[in-house]
Amino acid sequence: MNKKVFVSGCYDLLHSGHVEFFKQAASYGDLYVGIGSDATILDYKHHKTVYSEQERLFMVKSIRYVKDAYINAGHGVMDFIPTLDIVHPDILVVNADGSNEEKRMLCQERGIEYIVLDRIPHDGLTARSSTELKKVESQLPTRLDLAGTWIDQPYVSCYAPGWAITISLEPTFEIRERCGLSTSTRNVIKKIWPYQLPVNMDPEMLARMVFCVENHPEKEDGIISGAQDAIGICVPGLCRHYYDSHFWPSAIETCQDEQILLWLEQHLVMIPMDPRPQGCNVLTGKDITRTKVQNLAAAADRCWTAIKSRNLLAFAQAYRDSFEAQTAMFPAMIQGNVESFIEHFSSDPLVMAWKMPGAGGGGYLALVVSDTDTFLQSHPEAIQLTIRRAGM
């Protein structure tokens with residue numbers, strides 16, 4: 001009679017590494033698999049599953065190396081204990097990175113042999129892990145603000161109302177933390193929808209939900225994140241939102257015109273810089289006045305008009321004017337080596353305007369260039385941008 005072998009895991013993004021693990025574990029006897037429940041994964045890993053527990057059970061049971069599989073009824077990292085009472089295995093097999101002393105002691109108490117396997121891919125295949133796949137497969141967009149940044153804060157718009165202009169970007173590049181691309185808001189979204197935004201929900205309502213989740217009443221730092229981040233991420237295409245002394249805009253306008261979106265892609269690139277330093281406070285030295293906020297709002301108005309008419313010279317001028325209005329109010333947006341980057345790229349004849357995304361302090365330099373393709377040929381470090389279209 002074959003020995004009973006038991007393994008346990010989430011198996012949410014089932015991949016070749018899992019199958020090879022099952023194959024190796026099954027070489028010791030008949031293989032039984034415990035699968036983390038949807039509730040356990042949400043509680044333990046703080047995100048929803050891609051596939052429901054019943055889908056995962058079906059997929060795992062369908063693998064030829066598996067004798068049978070169960071949804072674990074326990075909780076946390078040891079959620080498989082109730083399943084052990086059903087299977088009564090002779091052997092517990094774990095991957096090296098899933099081994100711990102608690103599992104080893106449990107096996108010792110129950111007289112179960114404890115075997116630890118190294119992660120070895122099947123011959124000719126690439127090593128896989130769920131963690132790496134999640135990094136690659138996350139399709140959550142980010143946003144780039146084009147003009148009017150800071151107007152979404154009531155302590156700015158109380159001096160004068162105005163528009164913020166954003167574009168939603170496809171994640172075609174590594175989206176680094178603390179770099180002005182609203183990663184804090186994006187990380188909030190990951191906790192709700194880890195891999196992609198819902199496709200059947202109104203984008204504005206989606207943005208409202210994200211804003212409310214991010215700015216819950218018991219938020220530790222008490223700082224309200226601007227609504228432009230949630231809107232810029234959730235609303236596809238080109239978008240502008242109007243702020244007048246409130247956290248949520250009183251009007252939202254979108255543009256999905258394909259010719260305009262293509263035109264923007266032909267004239268926008270980003271240059272990676274060092275991330276915003278830990279402890280950096282871009283509010284240091286702020287100087288907000290009615291005139292400065294009016295300048296910010298006027299630049300955003302001209303920027304929108306220039307984009308809609310595809311007037312490159314006017315767009316570049318308004319883009320720069322918006323950034324200068326921002327830094328006049330928040331001079332700490334420019335820190336570290338930011339000035340040297342601006343000095344270097346502003347001297348390039350292809351570069352027409354520049355700004356820093358978000359609150360600044362580091363991260364990226366977002367440039368308006370005369371032609372993206374030409375600029376990318378001479379600047380391989382530059383990032384080409386893809387605007388997220390409606391329905392994507």
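Modeller: Contact here means heavy atoms within 4.5 Å. Helices (H or I, at least four residues) and strands (E, at least two) are DSSP runs, numbered from the N terminus. This is a predicted model: local features need pLDDT of at least 70, side-chain atom pairs need 80 or more, and totals for chains, interfaces and linings use all residues. Numbering starts from 1 along each chain as its sequence is written, and side-chain values use heavy atoms, without hydrogens or water.

Colleague: Fine. How many helices and strands in the protein chain?

Modeller: The protein chain has 15 helices and 13 strands.

Colleague: And what box do the C-alpha atoms fill?

Modeller: Roughly 85 × 45 × 40 Å, taken along the principal axes.

Colleague: What share of the residues counts as buried?

Modeller: Of 392 residues in the protein chain, 52% are buried. Buried means under 20% relative accessible area, exposed over 50%, partly exposed in between (1.4 Å probe, protein chains only).

Colleague: What about contacts between residues at least 6 apart in sequence? Which share joins residues at least 24 apart?

Modeller: That share is 71% in the protein chain.

Colleague: Let's go helix by helix. Which residues of H5 are buried?

Modeller: H5 spans residues 101–110, and Lys103, Leu106 and Cys107 are the buried ones. Those three sit on the same side of H5, because they cover an arc of only 95 degrees around the axis. The arc is that of the directions from the helix axis to the C-beta atoms.

Colleague: Which residues are on the other side of H5?

Modeller: Gln108 and Glu109, both exposed.

Colleague: What covers the buried residues of H5?

Modeller: The cover includes helix H4 (81–87), strand S4 (91–95) and strand S5 (113–117).

Colleague: What happens just after H5?

Modeller: Gly111 comes there, with a positive phi of about 70 degrees.

Colleague: On to H3. Which residues are buried there?

Modeller: In H3, residues 53–61, the buried residues are Arg56, Leu57 and Val60. Their arc around the axis is only 100 degrees, so they lie on the same side of H3.

Colleague: Which exposed residues does the face of H3 turned away from its buried side carry?

Modeller: Gln54 and Phe58 are exposed there.

Colleague: Now H14. Which residues are buried and which are exposed?

Modeller: H14 covers 338–346, with Val338, Ile342 and Phe345 buried. These buried residues fall within an arc of 80 degrees seen down the axis, so they line one face of H14. Glu339 and Glu343 are exposed on the other side of H14.

Colleague: Helix pairs next. How do the axes of H11 and H12 cross?

Modeller: At roughly 110 degrees, with the axes of H11 (residues 258–265) and H12 (residues 290–309) coming within 9 Å. Axes are lines fitted to C-alpha atoms, for helices over the stretch in contact; angles run from 0 to 180 degrees between N-to-C directions.

Colleague: Which residues meet there, from H11 and H12?

Modeller: From H11, Ile260, Trp263 and Leu264. They meet Ala306, Ile307 and Lys308 in H12.

Colleague: What about the axes of H8 and H9?

Modeller: H8 (residues 183–192) and H9 (residues 203–214) cross at roughly 100 degrees, and their axes come within 10 Å. On the H8 side, Ser184, Thr185, Val188, Ile189 and Ile192 take part. On the H9 side, Val210, Val213 and Glu214 do.

Colleague: Where is Trp150? Buried or exposed?

Modeller: Trp150 is in the loop between strand S6 (142–147) and helix H7 (154–157). Trp150 counts as buried, because its relative accessibility is 7%.

Colleague: And phi of Ser182?

Modeller: Positive as well, near 55 degrees. Ser182 is in the loop between strand S7 (162–169) and H8. Ser182 is buried, with a relative accessible area of 7%.

Colleague: Last one. Where does Cys10 lie?

Modeller: In the loop between strand S1 (4–9) and helix H1 (16–26). Cys10 counts as partly exposed, at 22% relative accessibility.

Colleague: How far apart are Cys10 and Thr49?

Modeller: They are 39 residues apart in sequence, and 9.0 Å apart in space, C-alpha to C-alpha.
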